[in-house]
Amino acid sequence: MRRMSGFNLVSLTFGLAFLYLPMVILVFYSFNASKLVTVWAGFSTKWYGELFRNEAFLDAALVTLKVAVISSTLATVLGTMAAFVLIRLGRFLGRTVFSGMIYAPLVMPDVITGLSLLLLFIGLGVDRGVFTIVLAHTTFCMCYVSVVVSSRLSSFDTSLEEAALDLGCTPWQAFRLVTLPIIAPAVISGWLLAFTLSLDDLVISSFAAGPSSTTLPMKIFSAVRLGVSPEINALSTIMIGIVAFGVVIFSIMSKRATVRQQQEERDAFHG
Amino acid sequence: MPQTVFAPWEDPGEKPLIQFRNVTKKFGDFTAIANIDLDIYGQEFFALLGPSGCGKTTLMRMLAGFEKPTSGQILLGGEDIVDTPPNKRPVNMMFQSYALFPHLSVWDNIAFGLRREGADKATIETRVADMIRLTRLDKFARRKPHQLSGGQRQRVALARSLAKAPKLLLLDEPLGALDRKLREETQFELMDIQEKTGTTFVIVTHDQEEAMTVASRVAVMDEGQLVQVATPDRIYETPNSVYVADFIGDVNIIEGAASQTGDKVLVSWAEGASPLVATTQALLQKDQKCFLAIRPEKITISAEEPEVANKVQGEILDIGYLGNISTYHVKLPTGHVIKASATNTRRIGRRAFTWEDKVWLSWTDTAAIVLER
């Protein structure tokens with residue numbers, strides 16, 4: 001490997017430090033025995049134990065997970081449908097307006113989205129709770145999914161679908177047996193994106209949530225206002241761990257798939 | 001044993017497999033197909049030939065069911081199929097891009113259509129095995145499409161579209177992606193497979209040589225209309241218009257006016273030049289504008305003045321050497337440039353003519369075709 005020049009080494013160090021130093025500090029202090037966050041008093045895992053005895057946090061985690069799974073799934077279905085309409089229907093009356101409206105929430109301030117949803121829920125007389133958070137998250141996650149899926153669809157060879165119809169598929173079968181398996185990676189990454197967004201959303205959740213439904217980010221935020229506790233550090237460390245684990249697994253899997261495909265191509269060439 | 005010539009289009013008792021009746025297709029303001037009538041018979045290998053944008057692909061997609069005619073009827077075996085969706089038609093198509101399903105193996109690609117039919121496992125296995133043998137894909141059955149070469153993919157696409165034993169197979173520029181040598185081999189393979197399976201083939205192509213090689217009949221199209229529908233030899237030897245003559249093969253077109261009519265037409269074509277003689281059945285008026293189409297290989301090139309019906313003198317402008325033949329571009333004093341081709345029977349060093357030689361070009365009174373348009 002080429003030796004790194006001094007300048008590059010410095011850039012790398014600073015870049016990584018800038019990105020990860022806050023998290024390193026957070027993880028470090030989560031193992032602090034002291035109740036004071038900034039004073040080190042020896043290694044301990046007691047805050048993790050405390051955390052798992054804290055019913056409020058566990059409830060919030062459960063609500064968050066439930067909301068994230070349901071709303072990212074709904075958003076994936078709706079976003080994929082919207083992507084199909086945008087890419088496949090060609091030019092129809094109001095297409096520009098429709099595509100603009102699909103993508104608008106991407107740049108819309110969360111406060112506005114949250115506020116308008118709140119007004120809607122109040123106007124309709126819906127009791128706020130998990131249900132309304134799910135609706136709100138689906139709304140803003142859907143456009144991210146539709147961006148991801150439509151970029152895949154625009155390079156999709158429609159003759160594959162025509163071939164499926166030609167070979168006896170109904171349009172639904174053609175979608176299920178040909179289109180969906182081929183665009184699956186895009187749909188899955190759309191789902192993952194929606195899941196992550198839903199997991200850490202604070203602003204929109206605060207507007208849509210009711211008294212009985214608190215998500216984890218809301219819980220953390222309100223807890224931190226009373227002072228950062230080591231428990232919060234522990235909780236954040238667990239979240240970092242989960243995300244890091246997911247990312248590592250995902251990259252190992254995709255790396256393996258690439259290697260296998262290259263291997264197969266080599267075999268085809270020599271075989 | 002006398003061989004019966006395959007020519008169902010000449011038998012008035014024969015029922016066509018496909019009939020287009022007054023079919024028009026418009027995309028917005030653009031007319032892709034203008035009022036076409038066409039009969040295609042069972043077991044034919046029918047070629048739709050034309051430049052891009054002439055409507056040949058639209059015509060084929062209407063047969064597959066991907067496009068609906070704006071007006072008119074399309075009959076398959078006597079039944080109107082205009083409202084039948086693609087998945088209900090006994091028609092299969094081989095796509096230009098092959099459209100192989102990338103997530104399925106060769107075997108599963110070929111079995112795809114049979115599975116949708118609900119065929120039982122044993123039937124599917126036998127049928128797929130047959131198709132794999134027919135297209136010589138035995139070694140590749142377990143591979144995915146991305147692990148195949150272009151020629152192998154083309155064979156998978158063919159096997160997949162033949163697996164359901166369709167009444168009609170549509171081929172959209174099937175050999176476009178192959179290199180020349182492989183394309184020529186595959187043309188003969190296609191003809192072989194067509195004969196073995198007895199399926200009616202309709203092929204879309206812009207390659208006139210391909211159409212001439214494979215097809216029993218060729219339809220030459222231009223701007224949404226059929227210009228001529230005939231066997232390859234008739235298309236070549238008796239084109240009905242300058243467009244067809246020019247599209248198929250190399251040709252010299254000389255514009256003139258009929259100065260003597262009857263079955264031997266005299267055509268005056270340039271001031272001071274003696275008129276050219278050609279045989280025709282068309283009834284031309286005196287002084288009617290007409291065109292003479294003469295194929296380069298029907299023109300003889302010689303140093304001495306020959307004793308033939310038509311002869312002109314000129315100077316060699318250019319020589320196209322193709323190995324087996326050479327094409328001479330000869331400039332006449334009238335300004336016309338005439339192409340004449342000659343077989344290279346002698347080594348190139350001993351070629352009789354070279355640049356700027358004065359030569360005679362001559363052709364018989366039956367060599368030229370008289371065209372009115």
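1. Helix 3 of chain A passes helix 8 of chain A in a right-handed crossing. The model is a predicted one. Helix 3 of chain A spans residues 55-88 and helix 8 of chain A spans residues 171-200; they pack at an angle of about 140 degrees, and their axes are 8 Å apart. Angles over 145 degrees count as roughly antiparallel, and helix 3 and helix 8 of chain A are therefore oblique to each other.

2. On the helix 3 side of this contact in chain A are A:Thr64, A:Val67, A:Ala68, A:Ser71, A:Ser72, A:Thr73, A:Ala75, A:Thr76, A:Gly79 and A:Thr80. From helix 8 of chain A they meet A:Val187, A:Gly190, A:Trp191, A:Ala194, A:Phe195, A:Ser198 and A:Leu199. By class, the residues of this contact are eight nonpolar and nine polar, with no charged residue.

3. Helix 7 covers residues 159-166 of chain A, and its buried residues are A:Glu162, A:Ala163, A:Ala164, A:Leu165 and A:Asp166. After helix 7 of chain A comes A:Gly168, with a positive phi near 110 degrees.

4. Is A:Met101 buried or exposed? A:Met101 belongs to helix 4 of chain A, residues 95-107. A residue with 12 or fewer C-beta neighbours within 10 Å counts as exposed; A:Met101 has 12 inside that distance, so it counts as exposed.

5. In chain B, strand 14 (residues 289-294) is mostly covered, with five of its six residues buried. Which strands pair with strand 14 of chain B? One of them is strand 11 of chain B, residues 252-260, which pairs with strand 14 in the antiparallel sense over six bridges. Within that pairing, B:Ile254 has B:Leu292 of strand 14 as its bridge partner.

6. Strand 20 of chain B (residues 369-371) is also joined to strand 14 of chain B, by three bridges, and the two run antiparallel. Here the bridge partner of B:Ala293 is B:Ile369 in strand 20 of chain B. As a general point for reading such a sheet, side chains of a regular strand alternate between its two faces.

Notes: Residues are numbered from 1 along each chain as its sequence is written. Chains are lettered from A and ligands numbered from 1 in the order in which they are written. This is a predicted model: local features need pLDDT of at least 70, side-chain atom pairs count only at pLDDT 80 or more; totals for chains, interfaces and linings use all residues. A residue is buried if 20 or more other C-beta atoms lie within 10 Å of its own, exposed if 12 or fewer, and partly exposed in between; C-beta atoms are placed from the backbone. Helices (H or I, at least four residues) and strands (E, at least two) are DSSP runs, numbered from the N terminus. Two strands pair if DSSP finds at least two bridges between them. Axes are lines fitted to C-alpha atoms, for helices over the stretch in contact, and angles run from 0 to 180 degrees between N-to-C directions. Angles under 35 degrees count as roughly parallel, over 145 as roughly antiparallel, 65 to 115 as roughly perpendicular and the rest as oblique. A crossing is left-handed if the near helix is turned anticlockwise from the far one by less than a right angle, and right-handed if clockwise. Two residues are in contact if their C-beta atoms, placed from the backbone, lie within 7 Å. Ala, Val, Leu, Ile, Met, Phe, Trp, Tyr, Cys and Pro count as nonpolar, Asp, Glu, Lys and Arg as charged, and the others, Gly among them, as polar.
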